[in-house]
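Dear colleague,

I am handing over the structure below, and after it I set out what was found. Please read the notes alongside the model.

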Amino acid sequence: NAAIHVNSVAHNLGQGLKEQAASLEEISASMEEMTANIQNLEKIYEAITDLNRRNNLLKAKYRNDEREY
């Protein structure tokens, strides 16, 4: 009975470790996705900043006239 109990405990620990490893893999994948998303958001922010800069140059060229065309 003791041997069966030890095997059962070892099996349960092994399963727990497998689940933790799987969870860490999911977290790692999520972090990779977040990193990619952050990089994409930074590119969008840079594009918006550049567009605002160009709009401000045009606005200054036409004496701050902000007409919507």
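**Salt bridges and surface**

Arg-53 counts as partly exposed, because its relative accessibility is 44%, where partly exposed lies between buried, under 20% relative accessible area, and exposed, over 50% (1.4 Å probe, protein chains only). Please bear in mind that this is a predicted model, in which local features need pLDDT of at least 70 and side-chain atom pairs count only at pLDDT 80 or more, while totals for chains, interfaces and linings use all residues. Residues are numbered from 1 along each chain as its sequence is written, and side-chain values use heavy atoms, with hydrogens and water left out.

The protein has one helix and zero strands, these being DSSP runs (H or I of at least four residues for helices, E of at least two for strands) numbered from the N terminus. Of the 69 residues in the protein, buried ones make up 0%. The protein exposes about 6,700 Å², of which carbon and sulfur atoms supply 57%; accessible areas come from the Shrake-Rupley method with a 1.4 Å probe, and for residues only the protein chains shown count as cover.

Searching the whole structure gives two salt bridges, each defined as a side-chain nitrogen of Lys or Arg within 4 Å of a carboxyl oxygen of Asp or Glu. Asp-50 pairs with Arg-53, with the closest N and O atoms 2.8 Å apart, and these residues are about one helical turn from each other because they are three residues apart in helix α1. Asp-50 also forms a salt bridge with Arg-54, where the closest N and O atoms are 3.1 Å apart; Arg-54 and Asp-50 are four residues apart in helix α1, again about one turn. Asp-50 is partly exposed at 29% relative accessible area, and Arg-54 is partly exposed at 42%.

Leu-24, Ile-27, Met-31, Met-34 and Ile-38 make a nonpolar surface patch of about 510 Å². Patches take residues with over 30% relative accessible area and no salt bridge, joining like charges within 9 Å and nonpolar side chains (Val, Leu, Ile, Met, Phe, Trp, Tyr) within 5 Å. Ile-27 is found in helix α1 (residues 2-61).
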